[in-house]
Amino acid sequence: MPAAYIWKNGELVAWENATVHVTAHALHYGSSVFEGVRAYSTPAGPAVFRLEPHTKRLLNSAKIARIEVPYTAEQINDAIIQTVHQNGHESCYIRPLIIRGSTGGLRVEGRKNPTEVFVITMEWGRYLGADAIEQGVDAMVSSWRRIAPDTFASLAKIGGQYVNSQFITMEAADNGFVEGIALDVSGNVSEGAGENIFVVVDGVVYTPGVGSSILMGITRDTVLTLMKEMGIEVRHEVISRDMLYIADEVFFTGTAAEVTPVRSIDRITIGSGKRGPITKQVQDEFFAITSGQKPDRYGWLTPVRQQATIVGD
């Protein structure tokens, strides 16, 4: 069931009226940028997780893509809060979207096209499956490589770039896996189709750095912060494909995936074939904070009802 409203260019409109023209530049050339954000249910009502970093990355993506945005970060933050509030969500997935719209023409050079901005919210459960958080998922190393650093901009969430992610995830599905893992241009581990990746060997956590064409994930940053607090050693290093197979644990992170263990890769069992102790420790802390069971000591949660009242005054 879709939400009642979508925020479009400064106002809430009915879901069915949040449309674009068929000649919109973004439909033809992928000239859009977006974010994935979650609002979690807490005892104080819905709360948006890490709102400001997501909006900052959205605007940075637009800057990289040379898309002029007619709204400030504060206005987009307010739009997100109001959309969640007006749709009555207790928890939801949030998709801010900025596109190049239509001038009626179809030039590849689209900087004269108008910018349109949307905020979409929807009910969405576990991205990689209802049981994935505990049972883990089966993944494969994809034949599709991640983008080379001089071809696309890996730090930006640009719509057209996600054709690469589609190839990876479709190949995984066609071969009976839940998700695909991409290698970088040098043949080393980059990330999942829509997730960052962490590899645990002998109690040390390894994760690829920006040089491996990864998106600098906000959930990734969250998990790095929690592991530092827990005293878990983390190394940002180049990871070879075969290191995946001998790992004690592997897990994905992302707004949609949250913290999801990987139980097998290329049909090779990872560790014991179930969620490992470090993954569980990270999960427990992550979900305790996002659910409001533990104090929000890093200020990661923006309470929707309180902020919506302030904005509406």
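Start inside: searching the whole structure turns up two cavities of 30 Å³ or more. On a 1 Å grid over the protein atoms alone, a cavity is a set of points where a 1.4 Å probe fits but cannot get out, while a pocket is an open set with protein on both sides within 12 Å along at least five of seven lines; lining residues have an atom within 4 Å of a point. Grid points are joined across faces, edges and corners, and a volume is the space filled by probe spheres set on the points.

A word on ground rules: this is a predicted model, where local features need pLDDT of at least 70, side-chain atom pairs count only at pLDDT 80 or more, and totals for chains, interfaces and linings use all residues. Numbering runs from 1 along each chain as its sequence is written, and side-chain values use heavy atoms, with hydrogens and water left out.

Select Asp248, Glu249, Val250, Pro261, Val262, Ile270, Lys274, Arg275, Gly276 and Thr279: they line the largest cavity. Strands E14 and E15 (258-265) each give two or more of these residues; helices (H or I, at least four residues) and strands (E, at least two) are DSSP runs, numbered from the N terminus. The volume of the largest cavity is about 40 Å³.

Next, pick Val37, Arg38, Tyr40, Phe49, Thr219, Gly254 and Thr255, around the second largest cavity. Its volume is about 30 Å³, and strand E4 (residues 37-42) brings the largest share of the lining, three residues.

Now for the open spaces. Centre on Phe34, Lys157, Tyr162, Ala193 and Gly194, which lie nearest the centre of the largest pocket, out of 37 lining residues. Its volume is about 660 Å³, and H5 supplies the largest share of the lining, five residues.

Phe34 also lines the second largest pocket, along with residues including Arg95, Leu97 and Ile99. That pocket holds about 270 Å³, and E6 gives the largest share of its lining, three residues.

Last stop: show helices H6 (residues 218-230) and H8 (residues 277-290), packed at about 110° with axes 10 Å apart. Axes are lines fitted to C-alpha atoms, for helices over the stretch in contact, and angles run from 0 to 180 degrees between N-to-C directions. So H6 is roughly perpendicular (65 to 115 degrees) to H8. Colour Thr219 again, since this residue of H6 is among those in contact (heavy atoms within 4.5 Å) with H8.

How values were computed: Parallel < 35°, antiparallel > 145°, perpendicular 65-115°, else oblique.
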